[in-house]
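Welcome! Please take a look at the sequence and the 3D structure below, and then we can walk through them together, topic by topic.

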Amino acid sequence: MAATNPAKTLQDELTCPICLEYFKDPVSLDCDHSFCQACITQCWGGFTTDVSCPQCRVTFPQRNLRLNRQLRNIVEAARELRLQSGKEPKPERLCEKHKEPLKLFCKEDEIPICLVCDRSKEHRDHTVIPAEEAAKEFKRKTQTERQKIVSEFQELRQFLEEQERLLLAQLEKLDEEIVKLQNENVSKLSQEISHLSELISELEGKYQKPSGEFLQDDRSTWSRWEKGKFQQPMEISPELKKRLSDFSQKNVALMKTLGKFKDILPAKLEIRRGEPLEAHRQVCVTLDPDTAHPQLILSEDLKSVSCGDTRQRLPNNPGRFDTVYYVLGCEGFTSGRHCWEVEVGGGRFWAVGVARESVRRKGWISRSPEDGIWAVGQWKGQFQALTSPETRLPWRRVPKRIRVCLDCDRGQVTFITAGDKAPIFTFPPGSVPGERIRPWLWVGDKDTWLILYP
C-alpha cells in the first residue's frame, strides 16, 4: 500500500466537507465532526430540530454548534505556512507499462510516451516530439479552433440581427395596413348601425298610426331600406394575404436554418476534439460492493445504488470507502474507448464519472481531479463539472440520463446527454492519467438513486 502523504492528510483534515475549502469559523457537532459555521447553517436551512450531520448522518434533536477555537487556530497557521512555502508540485505522470516519466509525444498515435516506448518497435518509425512542444502545439491549435468558433458565432449573430431588423420592419408595415383596414370596417359598420337605428325608430313611430296610413307609408320605408342595404365588411385583399404568407414562410425558413445550425455545431465540436463519440464501445458496468460505503444500498443486480438511513455492518476491507458515500464499478479500463450511461433519479446531491484505481479509500476524498476523480454532478443547487474549483454548467434543466465516454489512449473523459447526445463537459486530453480507470458514483442524500445502463 502506498505511503501516506502527510501534507495531503493535513490538508484534508483542515478542509470543510461541505465547501471543500479551509475551515472558516469552524464549529463541531455532538458527533465531533466539524464544518464551517456558515456551511452547516445553510445546509440545515430553517430546521431547528431533528437535524443531522452531513458526514455521518447522525440525527440530533436540536442544534448544538460548538465553536472549535483550536481547529480555527490550526487552520490559520496552516494557511500562513502554505502562503510562505508555496503549493506542493504535482507528481510527474508515469508510463503504465515502463513506469518512466511521459516526456515524449507520439504524433501518429496522439498519445504521451516515455523514452523506453520511443525505442520500442511500436513507435520506432513514428514522429516523436518532446511533450512540452506537443503541449504548445495543442494550445495553438486550441486557440485557432476557438477563434474559428468565435468567428462563426459572430457571423451568426450578425445574420440574426439583420433578419430581426428586416422581419420587424415588415411586420410593422403589415400591422399598420391591417389596423387601417380594421378601422375602415369599424367606420362602415358604425354607419350601418346608425342607419338601421333610424329605420327602426321610423318603423316604431309608424306602427302607432292607423292601419291605412301605416300601409300607405310602408312601401317608401322599405324602399329606403333596400337602397341602404347592409354592406359586408371589406376583406383582406389578395395582395395583403400574399404578403402575410410570404412573411410567415420567411420566418419558418429562418427557424429551419437555425435548427440545422444547432444540430451541426455540437458534432463539429466533438470532431475537432478528436475521434467522434460514436467510436466509443458501449460496455456493461456493474457496481463493486467491496468498495461501497456502508451507508450505500446496492441492488441485487449491482446496477443501482441509493443511500440508506443507517450504516450497515460490513467488513472494513482496504478497498472500501469509509467516510464519503462513494462506490466504484467492478470494471476497469487501461486502453481503448468505452462508454456507459447513468440515470439520475430525485435528490439534489449526486455525481457520476470515473476514478483511478489507486484513489484513496479511507478518510475524506475530494471530488476533484487532484484526488483522482473526474466527474459532473449536482451540488449546492447547481449542475457542475467537478474541476478544481468547480465549473458551473449552463444547463437550466439537469439531464436525467448521462453518458460517460472514456478515452484511455488520449487520457480524456467526455459527458453527453444520453438522448440527443448534447455535449455537457469534457476533461481535455491528458487529464486522466495512464493507469487503470474505473466507473465512479456518489450519492449524497437519501432522495437520490443512480442506475447504470446497459
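Of the 454 residues in this protein chain, 34% count as buried, where buried means under 20% relative accessible area, exposed means over 50% and partly exposed lies in between (1.4 Å probe, protein chains only). Keep in mind that this is a predicted model, in which local features need pLDDT of at least 70, side-chain atom pairs count only at pLDDT 80 or more, and totals for chains, interfaces and linings use all residues. Residues are numbered from 1 along each chain as its sequence is written, and side-chain values use heavy atoms, with hydrogens and water left out.

**Overall build**

- The protein chain holds 7 helices and 22 strands; helices (H or I, at least four residues) and strands (E, at least two) are DSSP runs, numbered from the N terminus.
- Take the contacts between residues at least 6 apart in sequence: 60% of them join residues at least 24 apart, with contact meaning heavy atoms within 4.5 Å.
- The accessible surface of the chain comes to about 28,000 Å², and 53% of that belongs to carbon and sulfur atoms; such areas come from the Shrake-Rupley method with a 1.4 Å probe, and for residues only the protein chains shown count as cover.

**Confidence**

- The average pLDDT of the chain is 81, and 80% of the residues score at least 70; pLDDT is the predictor's confidence in each residue, from 0 to 100.
- Over residues 262-275 the pLDDT is below 50, and this stretch has 17 contacts in the model beyond near neighbours in sequence.

**Nonpolar cores**

- In soluble globular proteins, nonpolar side chains tend to be buried together.
- A nonpolar core is a set of buried Ala, Val, Leu, Ile, Met, Phe, Trp, Tyr and Cys residues joined through side-chain atoms within 4.5 Å.
- The largest nonpolar core here has 71 residues, and those with the most contacts inside it are Trp340, Val376, Val413, Trp440, Leu441 and Leu450.
- Leu441 touches several residues beyond those up to four places away in sequence, including Leu287, Val305, Tyr326, Val342 and Leu452.
- A second, separate core of 8 residues includes Cys95, Cys106, Ile113 and Cys117.

**Aromatic rings and charges**

- A pair of aromatic rings is described by the distance of the centres and the angle of the planes.
- A search of the whole structure finds 8 aromatic pairs; rings of Phe, Tyr and Trp (its six-membered ring) pair if their centres lie within 6.5 Å, and planes under 30 degrees apart count as stacked, over 60 as edge-to-face and the rest as tilted.
- Phe349 and Trp379 form an edge-to-face pair, at 5.3 Å centre to centre and 70 degrees between the planes.
- This pair links distant parts of the chain, 30 residues apart: Phe349 is in the loop between β13 (337-345) and β14 (350-356), and Trp379 is in strand β15 (residues 373-379).
- Trp379 counts as buried because its relative accessibility is 11%.
- One aromatic cluster is formed by Phe321, Tyr326 and Trp440.
- The charged end of Arg367 sits over the ring of Trp442, 3.9 Å from its centre; for this label, NZ of Lys or CZ of Arg must be within 6 Å of the ring centre and within 35 degrees of the ring normal.
- Arg401 has its charged end over the ring of Tyr453, 3.8 Å from the ring centre.

**Backbone details**

- The peptide bond from Ser388 to Pro389 is cis, with omega near 0 degrees, and Pro389 is in the loop between β16 (382-385) and β17 (391-392).
- Another cis peptide bond runs from Tyr453 to Pro454, with omega near -5 degrees; Pro454 is in the segment after β22 (449-453).
- Arg57 is not a glycine, yet has a positive phi of about 70 degrees, and is found in the loop between β3 (51-52) and β4 (59-60).
- Glu110, in the loop between β6 (104-106) and β7 (111-113), also has a positive phi, near 55 degrees.
- Glu110 is partly exposed, with a relative accessible area of 42%.

**Two loop residues**

- Cys16 is in the loop between α1 (6-13) and β1 (26-28), and counts as buried at 0% relative accessibility.
- Leaving out residues up to four places away in sequence, Cys16 touches Glu21, Phe23, Phe35, Cys36 and Cys39.
- Pro394 is found in the loop between β17 and β18 (401-407), and is exposed, with a relative accessible area of 77%.
- Pro394 and Gln382 are 12 residues apart in sequence, and their C-alpha atoms are 9.4 Å apart in space.
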